[in-house]
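Hello,

Here is the structure we spoke about, with my notes below it. Please read the two side by side.

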Amino acid sequence: MTGQNGTSPKHPEHAGSPPPPVVPTAPPAADVENQTPGHAQTTGTGFGVAGILRRWKREDLVRRGSLALRGLSLVFSLLAFIIMASNKHGDWKDFDNYEEYRYVLAIAILSTLYTGVQAARHVHQLSTGRELFQRRTSALADFIGDQIMAYLLISSASSAIPLTNRMRESQDNIFTDSSASAISMAFLAFVTLALSALISGYKLSSQSYI
């Protein structure tokens, strides 16, 4: 059937056919390179700052603990030196007559000097925040020095204990009591320096060698 102008009516092609399927599209990927600074701080930087703060607190605790142990070792070494040096009561009751007691006195003097220098260095480091030597060099020197001095202290105390026990079996007087007191102070100095050596070993193992 034609229209008035002799043209046939226009109909859309594919009349009655179903519409084309709609393909779902994936959401746009997050632009990692163009993230805002605020987003970057909330995702990664916060953990790093917390780790750094924990490390600083741990290092400060280690430094203060090392200083406290060296201060105690200085006190015990000084007491051992003073008690043994003043242990002179005439005749056989004189520490100069016994090699073991002279050994205790000599090591007590060395320990007093060593721990005094180390304590002064740690106080300077804590007060100024600066180290006199490189951190790795200081940790190695502390570890070796603590080990050697602790060995000398326990060696001197061990050599004097049998002599003191034999004397106290026959008679117990102010000379033997003073000797025992000096030996006890030397042993306590050994304990504190041994603990300090553990801290020095931890500091040495935590250093980066890269």
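Predicted model: local features only at pLDDT ≥ 70, side-chain atom pairs only at ≥ 80, totals over all residues.

**Notes on the model**

S200 is buried, since its relative accessible area is 1%, under the 20% cut-off. S200 is placed in helix α4. Leaving out residues up to four places away in sequence, S200 touches R70, A139, D142, F143 and D146.

**Overall layout**

The chain has four helices and zero strands, and its elements run α-α-α-α from the N terminus on. Of the 210 residues in the chain, 29% are buried. The accessible surface is about 14000 Å², and carbon and sulfur atoms account for 64% of that surface. Among contacts in the chain with a separation of 6 or more, 78% are between residues 24 or more positions apart.

**Annotated segments**

The unreviewed UniProt entry carries the annotation "transmembrane region" for residues 67-86, 101-120, 140-161 and 181-202. I checked two of these ranges against the model. Residues 101-120 are 100% helix and 0% strand, with 28 Å between the end C-alpha atoms. Residues 140-161 are also 100% helix and 0% strand, and there the end C-alpha atoms are 32 Å apart.

**Nonpolar cores**

Which residues touch the most other members of the largest nonpolar core? They are M84, Y98, Y101 and M167, in a core of 13 residues. Helices α2, α3 (135-170) and α4 each supply at least two residues of this core, and the largest share, four residues, comes from α3. A second, separate core has 12 residues, including F76, A150, L153 and M185.

For Y98, the contacts beyond its neighbours within four places in sequence are W92, L163, M167 and F175.

**The loop between α1 and α2**

S86 lies in the loop between α1 and α2 and is partly exposed, with a relative accessible area of 48%. S86 and F175 are 89 residues apart along the chain, and their C-alpha atoms are separated by 9.9 Å.

D91 lies in the loop between α1 (37-85) and α2 (99-128). What is the phi of D91 near? The value is near 60 degrees, which is positive in a residue other than glycine. Most residues other than glycine have a negative phi. D91 counts as exposed because its relative accessibility is 69%, over the 50% cut-off.

**A nonpolar surface patch**

F187, L188, V191, L195 and L198 make a nonpolar surface patch of about 420 Å². Within this group, L198 has its place in helix α4 (residues 174-205). Is L198 buried or exposed? L198 is exposed, with a relative accessible area of 62%. S200, in helix α4 as well, is buried at 1%.

Regards

Methods:
Residues numbered from 1 in each chain as written. Heavy atoms only, no water. UniProt positions renumbered as here; feature names shortened; annotations may be inferred. Buried < 20%, exposed > 50% of the residue type's maximum accessible area, 1.4 Å probe, protein only. Patch = residues over 30% accessible without salt bridge, like charges linked within 9 Å, V, L, I, M, F, W, Y side chains within 5 Å. Areas by Shrake-Rupley, 256 points an atom, 1.4 Å probe, with all protein chains shown as cover. Salt bridge = Lys/Arg side-chain N within 4 Å of Asp/Glu carboxyl O. Core = buried A, V, L, I, M, F, W, Y, C linked by side-chain atoms within 4.5 Å. Contact = heavy atoms within 4.5 Å.
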